[in-house]
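User: I've got a model open and I'd like to learn how to read its packing. Can you walk me through it?

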Amino acid sequence: GDGFGGYRYGEGAGVHDGYDAGAHDGLADDGGFGNQADTSMASSVHKLHVNQQNLARAWDVTQRSTSEDWNEWIRRFTVELLRESPSPALRSCSALAQVYPTLARELFHAAFVSCWFELLDQYQENLVRSLEAAFRSESIPPEILQMLLNLAEFMEHDVEALPIDIRVLAELAQKCHAYAKALHYKELEFQTSPAACVEALISINKKLDQPEAAQGILKYAQKQRTLYGGGHRGLVSSVKESWLAKLGNWSDALELYRRRLRESDNDVSAVLGCMKCLDALGHWQEVVDLCFNKWDTLGADTTDKKVRKKAAALAAHATWSLGQWDAMERLVGVMEPEEQAVEGPFFRAILAVHHQKFDECAKHIDRARKLLHNTFTALVAESYKRAYTSMMTVQQLAEIEEVVEYKKVELDPSRADEAVQRRQRLIRKWQRRLKGCRLEVSAWQRVLKVRSLVLSASDNVDSWLQFASLCRQSGNFPLSERILTHHLRSVTCGAGTGSGE
């Protein structure tokens with residue numbers, strides 16, 4: 001996992017321990033040699049000169065605008081740290097690292113520490129500014145962000161904390177989905193500015209599967225009036241609904257968001273909050289109506305594009321659930337094909353399946369996988385648990401491909417018997433797969449939605465009944481009711497007719 005202290009720092013000497021001692025870099029006094037021999041060997045090892053200008057050119061981040069640029073930057077930086085390291089042992093690895101970059105990455109922490117203490121103050125400041133610029137870059141690959149985040153953690157834990165704003169590190173940790181690290185940094189920030197951290201702490205604890213901690217933070221915030229700017233109720237009403245939403249209290253959060261909308265009709269964050277709550281509760285027609293009614297507000301120049309795209313994605317999911325394909329196409333059109341978000345190509349793949357444009361669907365699936373690759377790789381490196389949401393998206397894409405293969409056979413009149421057999425095999429395979437799915441409402445909903453492209457609820461009654469039960473156990477009674485009264489309505493009506501009721 002990404003837990004703080006998860007590097008096994010205590011096993012053996014720290015990277016800097018032997019180096020800081022000065023001369024005996026990498027040598028340990030284990031009694032195998034006499035003290036005199038150790039002293040003579042240590043005195044023969046000297047620090048090598050560090051060319052700080054060469055390092056500064058290597059860590060410079062100007063003109064880095066694409067993921068390829070950043071990959072070249074980290075390759076050059078890690079190799080240059082070894083090449084300029086004052087430690088003879090590390091510097092001797094530079095030639096091999098030049099042709100085998102994995103070695104440079106493995107020795108990144110050790111090389112960084114060895115060079116850090118040799119840098120003059122102005123060079124240290126310049127290096128920190130370059131790291132902060134890398135953190136803020138929109139194009140830097142997630143695995144490189146993860147490397148830099150691990151470096152900051154290592155320095156804080158075993159050496160000395162880098163002079164980087166704790167808020168920047170917390171934001172970076174959340175961006176990398178390294179939630180244990182994010183929790184550590186937010187708890188440090190909480191000591192100086194508690195009001196700004198409440199919502200983030202609730203969200204992070206929820207993502208770490210610590211619901212009791214998240215609830216405890218909410219209760220603490222409710223009791224401590226000082227968190228609300230000296231007891232001003234305005235600050236409470238401006239953030240509290242999002243806390244409730246993150247805790248899964250969708251109905252309560254929805255009521256507060258609607259109150260905000262009544263007070264300010266053009267409150268974009270309240271519109272988006274209402275849409276999230278309505279979507280979670282299964283009120284999809286209300287999601288669509290709210291989106292289109294407020295589209296002028298969402299499409300205004302003053303509205304953040306990210307907010308508009310989030311609203312379009314929520315409404316697109318709702319129209320898909322309702323089978324309103326024309327409205328879904330309008331909403332998906334808002335998502336630019338070149339953007340670096342997976343929702344666009346995913347929804348386009350769904351629309352392509354509906355219109356039986358299977359070659360086009362394959363292109364959208366490939367695009368979605370490419371967009372998922374970097375994030376998924378970084379998350380899997382942390383743990384399977386961290387990568388689960390991305391893993392579900394990967395499963396959805398795989399099942400869309402299975403749907404396409406089935407539909408190709410189904411649409412061929414000469415293969416009718418084969419289509420029936422494939423359908424039965426598909427149902428059995430999907431049922432087995434669903435048993436291994438995490439018992440979360442969002443996970444089951446995503447899986448069953450893709451399968452509804454082939455199987456109606458009446459064809460898959462057991463799975464939908466289990467989903468309804470899961471919603472009830474999670475406290476989402478409106479969604480559970482909707483499944484029983486809408487998705488499974490034809491099943492219950494058929495049963496009633498058959499029994500003479």
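User: Which residues does Met275 touch, not counting residues up to four places away in sequence?

Analyst: Contact means heavy atoms within 4.5 Å. Leaving out residues up to four places away in sequence, Met275 touches Val287, Leu290, Cys291, Ala311, Leu314 and Ala315. Keep in mind that this is a predicted model, where local features need pLDDT of at least 70, side-chain atom pairs count only at pLDDT 80 or more, and totals for chains, interfaces and linings use all residues. Numbering runs from 1 along each chain as its sequence is written, and side-chain values use heavy atoms, with hydrogens and water left out.

User: Which residues touch the most other members of the largest nonpolar core?

Analyst: A nonpolar core is a set of buried Ala, Val, Leu, Ile, Met, Phe, Trp, Tyr and Cys residues joined through side-chain atoms within 4.5 Å. Buried means under 20% relative accessible area, with a 1.4 Å probe and protein chains only. The largest core here has 143 residues, and those touching the most other members are Trp73, Phe112, Leu148, Met275, Trp320, Phe347 and Phe467. Across the protein chain, 45% of the 501 residues are buried.

User: Is Lys186 buried or exposed?

Analyst: Exposed would be over 50% relative accessible area. Lys186 counts as buried because its relative accessibility is 10%. You'll find Lys186 in helix α12, residues 179–190; helices are DSSP runs of H or I, at least four residues, numbered from the N terminus. Beyond its neighbours within four places, Lys186 contacts Ala170, Gln174, Cys197, Ala200, Leu201 and Ile204.

User: And how do I read two packed helices?

Analyst: Go by the angle between their axes and the distance between the axes. Axes are lines fitted to C-alpha atoms over the stretch in contact, with angles from 0 to 180 degrees between N-to-C directions. Take α24 (residues 388–410) and α25 (residues 416–435): their axes come within 9 Å and cross at roughly 165 degrees. Angles over 145 degrees count as roughly antiparallel, so α24 and α25 are roughly antiparallel to each other. Among the residues making this contact are Glu402 and Tyr406 of α24 and Arg422 and Trp430 of α25. The contact divides into six nonpolar, one polar and nine charged residues.

User: At what angle do α24 and α26 cross?

Analyst: The axes of α24 and α26 (residues 441–451) cross at roughly 15 degrees and come within 9 Å. Under 35 degrees counts as roughly parallel, so α24 is roughly parallel to α26. In this pair, residues including Met392 and Ile400 in α24 meet residues including Val447 and Val450 in α26.

Note on methods:
Helix = DSSP H or I, 4+ residues; strand = E, 2+ residues; numbered from the N terminus. Parallel < 35°, antiparallel > 145°, perpendicular 65-115°, else oblique. Nonpolar A, V, L, I, M, F, W, Y, C, P; charged D, E, K, R; others polar.
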